[in-house]
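I took it one region at a time and wrote down what I looked up.

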Amino acid sequence: MIRLSRALILTAVALTLASCETVENAAPQTPVAAVSHDQLLADVRILSADDMEGRDTGAAGGERARAYIVSRLEALGIAAPPVGRLQPWTLEGRTRQGPKTYNGINILGLVEGTRVPDRYIVVTAHYDHVGISEGQIYNGADDNASGVATMLEIATRLKAAPPEHSVIFVAFDGEEHGLLGAKHFVQAPPVPLSSIALNLNFDMTARAETDGKLWVTGTYQNPTLRPMLEPIPANGAVSLAFGKDTPQDTGENNWVEASDQGPFFRAGVPFLYLGVDYHPDYHRPSDDFERITPAVFISATELAASAFRSLDRSLDR
Ligand SMILES: [Zn+2]
């Protein structure tokens with residue numbers, strides 16, 4: 001997610017720590033699917049390694065991360081859409097020092113649908129993070145190497161069992177400087193916005209030590225989507241929770257425009273955001289691979305995959 005002020009982060013941490021006492025554990029549990037998650041974890045480890053230098057937009061580390069994600073999509077056999085694998089853009093963004101012009105590059109992939117191939121689900125996760133500051137690398141393991149890995153896991157499964165909608169995968173650049181890659185995508189979409197049935201965005205899927213929840217934001221704005229997801233049971237360590245999207249959710253507790261689903265929302269495209277709550281390593285140099293919770297990450301990714309399949313089956317009926 002994008003950076004909040006230090007005061008807001010500390011408030012969020014205090015609130016989440018305070019909420020520990022009320023953690024519910026009553027959700028039905030189903031076993032995690034017996035498939036290998038080695039690649040899922042390897043993707044996070046590689047994207048959040050020091051040699052990626054925090055994956056800042058326009059920096060050498062961001063370019064290395066991009067090369068890795070492109071190589072993964074190519075190895076999976078995920079085609080580039082007709083507009084090409086890479087979508088470059090130039091936009092003014094924000095930094096701690098003030099406005100700055102960024103040259104970013106989104107990464108695209110396309111899987112054709114079987115039932116409604118002219119309707120698209122755009123599955124997204126930002127691959128950039130905040131780079132290096134005062135000599136410290138912000139590795140961004142949870143934010144958002146995890147979401148990229150979750151997206152790549154879904155891509156892997158769609159090659160084995162094709163989707164009903166056509167799916168455009170986008171690894172966005174420039175999220176941390178103001179949702180820039182998503183803003184550009186919506187301004188210059190590779191398919192008409194009216195053909196996009198849904199944006200499904202992942203940002204932070206690897207830690208939920210405070211509440212055991214993978215939050216689904218956007219059903220307040222898109223209420224018909226909620227019944228498609230409510231039957232999905234908890235899977236191992238994590239269960240779905242709905243919220244962070246109502247008029248009563250204010251400030252840092254409203255996530256409608258806290259990540260790349262924001263520009264889709266503004267353009268009137270149905271959206272859902274899946275992500276975990278803030279944690280003490282959020283936007284700190286300590287957001288490292290060693291601090292993610294593999295059981296949570298695997299569980300959240302299985303829930304994300306189930307959510308995708310349910311939405312794909314149910315939309316455009
Ligand atoms: Zn993020």
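**A pair to start from.** I began at Thr-217, whose bridge partner in β12 is Tyr-273. Strands β9 and β12 run antiparallel and are joined by three bridges. This is a predicted model, so I looked up the confidence next.

**Confidence.** The mean pLDDT of the protein is 91. I found that 90% of its residues reach 70 or more. Residues 4–32 are another matter, with pLDDT below 50. That stretch still has 34 contacts in the model beyond near neighbours in sequence. Where pLDDT is low, the predicted coordinates should not be read in detail. I left that stretch alone.

**Overall count.** I looked up eight helices and 12 strands. Of the 317 residues, 47% count as buried. I also checked contacts between residues at least 6 apart in sequence: 84% of them join residues at least 24 apart.

**The sheet.** In what order do the strands of the open sheet lie? I read it as β2-β3-β7-β4-β8-β12-β9-β11, eight strands with mixed pairing. The edges are β2 (86–95) and β11 (239–242), each pairing on one side only. Neighbouring strands are turned by 25° against each other on average, direction ignored. Strands of a sheet pair through backbone hydrogen bonds, either parallel or antiparallel.

I then checked single pairs. Strand β8 (residues 196–202) and β12 (residues 271–275) are parallel, with four bridges. Asn-199 stands opposite Phe-271 in β12.

Is β9 mostly covered or mostly open? I found it mostly covered: five of its five residues, 213–217, are buried. Lys-213, Trp-215 and Thr-217 point one way, while Leu-214 and Val-216 point the other. In a regular strand the side chains alternate between the two faces of the sheet.

**Helices across the sheet.** Helix α4 (residues 141–160) lies across β3, β4, β7 and β8. Its direction is at about 150° to β4. From first C-alpha to last, α4 reaches 27 Å, close to the 28 Å expected. Of its 20 residues, 15 are buried. Helix α5 (residues 180–187) lies across β2, β3, β4 and β7, at about 130° to β2.

**The core.** The largest nonpolar core has 74 residues. Those with the most contacts inside it are Ile-121, Val-123, Val-148, Val-170 and Leu-214. Helix α8 (residues 294–314) gives the most to this core, with nine residues. I followed Ile-121 beyond its sequence neighbours and found contacts including His-165, Val-167, Ala-197 and Leu-311.

**Thr-124.** I looked up this residue in strand β4. Why does Thr-124 count as buried? It has 28 C-beta neighbours inside 10 Å, and the cut-off is 20 or more. Beyond four places in sequence, Thr-124 is in contact with Val-170, Phe-172, Asn-199, Asn-201 and Asp-260. I also noted Ile-168, 44 residues from Thr-124 in sequence but 8.3 Å away in space, C-alpha to C-alpha.

**Asp-245.** This residue sits in the loop between β11 and α7 (261–266). Asp-245 counts as buried because 23 C-beta neighbours lie inside 10 Å. Tyr-273 is 28 residues from Asp-245 in sequence and 10.0 Å from it in space, C-alpha to C-alpha.

Most residues other than glycine have a negative phi, and most peptide bonds are trans. I went looking for exceptions.

- The peptide bond from Asp-143 to Asn-144 is cis, with omega near 0°. Asn-144 is in helix α4.
- Glu-134 has a positive phi of about 50° and is not a glycine. I placed Glu-134 in the loop between β5 (132–133) and β6 (136–137). Glu-134 is exposed, because 5 other C-beta atoms lie within 10 Å.
- Met-204 has a positive phi near 80°. Met-204 is in the loop between β8 and β9. Met-204 counts as buried, with 31 C-beta neighbours inside 10 Å.

Methods. Residues are numbered from 1 along each chain as its sequence is written. Two strands pair if DSSP finds at least two bridges between them. Helices (H or I, at least four residues) and strands (E, at least two) are DSSP runs, numbered from the N terminus. Axes are lines fitted to C-alpha atoms, for helices over the stretch in contact, and angles run from 0 to 180 degrees between N-to-C directions. Two residues are in contact if their C-beta atoms, placed from the backbone, lie within 7 Å. A residue is buried if 20 or more other C-beta atoms lie within 10 Å of its own, exposed if 12 or fewer, and partly exposed in between; C-beta atoms are placed from the backbone. A nonpolar core is a set of buried Ala, Val, Leu, Ile, Met, Phe, Trp, Tyr and Cys residues joined through C-beta atoms within 7 Å. The expected span of a helix is 1.5 Å times one less than its number of residues. pLDDT is the predictor's confidence in each residue, from 0 to 100.
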